[in-house]
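Subject: Structure handover

Hello,

Please find the structure below, followed by notes on what was found in it.

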Amino acid sequence: MEDVLVIGGGNAALCAAISAAELGARVLLLECAPKDFRGGNSRHTRNIRCMHDTPVDVLTDAYPEDEYFDDLLRVTGGETDEHLARLTIRSSSDVRAWMAARGVHFQRALSGTLQLSRTNAFFLGGGKALVNAYYRTAERLGVRIVYEADVRKLEMTDGRFLAASYVKNGEAQRVEARVLVAAAGGFESNLRWLREAWGPAADNFLVRGTPYNMGWVLRELIDGGAQMIGDPTQCHAIAIDARSPKFDGGIVTRLDSITLGIVVNKNGDRFYDEGEDLWPKRYAIWGRLIAQQPDQIAYSIVDAKMQRRFMPSVYPPIEANTIPELALALGLDPHALKKTVDEYNLAVEAGTFDHTILDDCKTHYLTPPKSHWAQHLDTPPYWGYPLRPGITFTYLGVKVNEHARVLLQDGVPSPNVFAAGEIMAGNILGKGYLGGIGMTIGTTFGRIAGEGAARYVMA
Amino acid sequence: MSWLEPSLAAEGARIMTICNACRYCEGYCAVFPAMEQREQFGPADLGYLANLCHNCGACLPACQYAPPHEFGVNVPQTLSQIRVASYQLPRRKTVLMLGIASAGLLLLVLLAGTAWTTLFARHDGGAFYEVISHDEMVRLFLFAGAWALVGMGLVFAIRHGVVRGVRRADFGAIRRGWSDALRLVNLGGGGEGCIEEHERPAQVRRIYHHFVFYGFLSCFLATIVAAFYDNVLGWRAPYPFASLPVIFGTLGGVALLIGCAGLFRLLRERDVALSDKGERGRSMMLLVFLFATAATGLLLLVFRGTAAMGFLLILHLAIVFGLFVTLPYGKFMHGFFRIAALIRFASEQGD
Ligand SMILES: Cc1cc2nc3c(=O)[nH]c(=O)nc-3n(C[C@H](O)[C@H](O)[C@H](O)COP(=O)(O)OP(=O)(O)OC[C@H]3O[C@@H](n4cnc5c(N)ncnc54)[C@H](O)[C@@H]3O)c2cc1C
Ligand code: SF4
Ligand code: SF4
């Protein structure tokens, strides 16, 4: 019989395991990935969103609680539990010291290219360095870690956890524990599950993060009586390079060229206003837009004037000197693409181009319009990038209270089941996304869950 | 042909393109900010970036794309391979043979030239020049010194384009470059320390490197002072224990022993994935030479009044000779390229 069983091996799981072990509990952590790929989506992260009232260590200016909460309200359209959200936001103000004491290093503020240093603290070396530091700390505290332990089954009666079964090297193992912390992420790697919501289109989705978040633990919790929260059919998806790996492509596959040119589907037609809003705000709608196009593919096209204005991407652009040649290189119908570009160029009105604001360069009598940054597509060489929807995470989770305890159907908290991280993020992030809040939620609730679990077994 | 093999050039460019789209490691060292100022990564850029890399190792375990990920990004090893290529003229084995052969040759020549009886006779207070004549010693080391200087100069002259910026560095950049080099700011893993056994960051490598560098400097100073005493003031060695050459030499020698032994141990225990085999071998060779130089020098000091003096003196001279002869072709060159790259970095970042 174990004291505390933590399922998962990302940020939330590690924060929980460390917190429980520091209070003296014996902790077993089951991570289904092999050691080289441990850390779930947390290994692909790079920052954490933190409130602060004055400039502190790596954060500039101020980012007070209310502004943080307003940002959250805006992106979620109100789909958030204010009590849990404010608790998370407040705990983010001193979370960096806790993290630093457990081996996480932060990058100095205002380093070069980063403009986000007001709201977000950047991890030195990114999320994998953070995960490595936490594993070292957990090992030092005596947490036992089993890799390649794929948990498939939870035994629960009346919302009380008894035991978990996992598969390791093809063999089934059963482990009993007095308390469970479920921190196994969402179900974004489970293509079959995604197909239930999206139909066959899901087969063409790429998964930006880990291939290991299959959602088994989430489903077992729900089957065991936990209350669901968040839209089961929704996921956060952005436009990424279609040449990216099916899984684990991480940050380098994103493409920031969309607002600077036009985007067409496989028929060579434009289908949405590329200049609707400033890029960071519109970042997340393009995944869904492309998912709705035939074969879930689209192409971002820019001309030579724009080529220095976006972050270099990891794949080389497909280049040609005329639009029909580019169409051929991209596998599109040259006449169709030429027609789209000609119509677009005719509709572009003169204005003063400024990519940092909603400028006055727009199209006239064009459907769909391009409402900002519309420039003639006329200067070779032309560059094309194929795009596909890239899933970041899913919203479905289990409902928890402020002690990170999982709530059962009747609204009563489970006596010995805690949840942390993406598996319960839907309580705070019902939809939309606020950069860096995933790590804030995981760290806050991981710590609460770990402490709660340890208190439960020590009592 | 370019100094960089096409396949290595392609791999370097591939990896730097991935890093440039990622940038998670930008807080670790100078390599990443320097990379962010570029879009293309030709051999000249790669050579510069490779010489900025101090091989602290931090960016391998931190990399979300490290092998076995299909992107297979290994920045420390790739830059290590490029770095070795950037100042490598002959093959590594040739160099090793050259060093051993010349040391052996010198040993033989000196032993044969010294009568057996003088060699093991007890010399009063360490009368070095009874074993090997003053002129002979001066001639030998003028030759070895000239060989080393000319060799190093040649290598640097041929390859300096790899690290030198197009524009002249101003005084501020030169000062900042030297200061970064002397403090080894880039060997700190961005404050975390280097990656050592079990992927654990620590500052030990930086500290040992300081021992080696400043130890070497101190020994070098001892030699300069001794040469001044000898040639200008006409004071002949051996010098008393409380003299400047002996004090500098002893301090430097002890520092070298500590630093070389420490770095050697760290290098042996280090994950081989962190660097190029060739660079590792060269580093070890230099460390062995420096350690042996310091060890025989200190032994000579302790036993200079005994019958072992003659043999120790010749052994020490042979090792120093071997060290000098191999300097231009081994790891020692990294110092010059490193400083040039850091000055260029300071001047690029300055504007
Ligand atoms: C490319 C990318 C970049 C991102 N950048 C940021 C960022 O900068 N800041 C931010 O705040 N958020 C970011 N996010 C979101 C962030 O990754 C998540 O919000 C956060 O990592 C969730 O942490 P977690 O511990 O709950 O889940 P994860 O880190 O995904 O961990 C889940 C763990 O559970 C394990 N697991 C799953 N199923 C099982 C099972 N059945 N048995 C055993 N173990 C199992 C997995 O192997 C994994 O270790 C990013 C996401 C992606 C994809
Ligand atoms: S080493 Fe890896 S994590 Fe670091 S910048 Fe390069 S690609 Fe990114
Ligand atoms: S090994 Fe260290 S010095 Fe070299 S590039 Fe990586 S972080 Fe920089």
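Strand 15 of chain A (residues 382–394) is mostly covered, with 13 of its 13 residues buried. Buried here means under 20% relative accessible area, exposed over 50% and partly exposed in between, with a 1.4 Å probe and protein chains only. Helices (H or I, at least four residues) and strands (E, at least two) are DSSP runs, numbered from the N terminus.

This is a predicted model, in which local features need pLDDT of at least 70 and side-chain atom pairs count only at pLDDT 80 or more, while totals for chains, interfaces and linings use all residues. Residues are numbered from 1 along each chain as its sequence is written, chains are lettered from A and ligands numbered from 1 in the order in which they are written, and side-chain values use heavy atoms, with hydrogens and water left out.

Strand 15 and its partners

Two strands pair if DSSP finds at least two bridges between them. Strand 9 of chain A (residues 206–207) runs parallel to strand 15, joined by two bridges, and V207(A) stands opposite I391(A). Strand 11 of chain A (residues 235–241) pairs with strand 15 in the antiparallel sense over seven bridges; I238(A) is opposite G390(A) there. Strand 13 of chain A (residues 298–302) is also antiparallel to strand 15, with five bridges, and A298(A) faces L387(A) as its opposite residue.

Ligand 1

The shell around ligand 1 has 37 residues, the closest being E31(A), N41(A), S42(A), E422(A) and M439(A); a residue belongs to a shell if one of its heavy atoms lies within 4 Å of the ligand. By class, the shell divides into 14 nonpolar, 18 polar and five charged residues. Nonpolar covers Ala, Val, Leu, Ile, Met, Phe, Trp, Tyr, Cys and Pro, charged covers Asp, Glu, Lys and Arg, and the others, Gly among them, are polar.

A nitrogen atom of ligand 1 is 2.9 Å from a polar backbone atom of N47(A), and a nitrogen atom of the ligand lies 3.1 Å from an N or O atom in the side chain of Y433(A). Taken alone, ligand 1 exposes 1000 Å², of which the protein buries 97%; these areas come from the Shrake-Rupley method with a 1.4 Å probe. Helix 1 (11–22), strand 6 (150–157), helix 7 (216–223) and helix 12 (437–458) of chain A are the elements that give two or more residues to this shell. Helix 12 supplies the largest share, three residues.

Strand 6 of chain A also forms a hairpin with strand 7 of chain A, with two residues between them, and D158(A) in the turn has a positive phi of about 50°. Seven bridges join these antiparallel strands, and M156(A) is opposite F161(A).

Ligand 3

The residues around ligand 3 include C29(B), C53(B), C56(B) and C59(B). Helix 2 (31–36) and helix 4 (75–86) of chain B each give two or more residues to this shell, which has nine nonpolar, three polar and no charged residues. C56(B) is buried at 8% relative accessible area.

Single residues

S189(A) lies in the loop between strand 8 (171–182) and helix 6 (191–198) of chain A and is buried at 3% relative accessible area. Its side chain reaches the backbone nitrogen of N213(A) at 2.9 Å. M1(A), in the segment before strand 1 (2–7) of chain A, is exposed at 64% relative accessibility.

Regards

Definitions and conventions
Polar contact = N/O pair within 3.5 Å; in protein donor to acceptor, adjacent residues only side chain to side chain.
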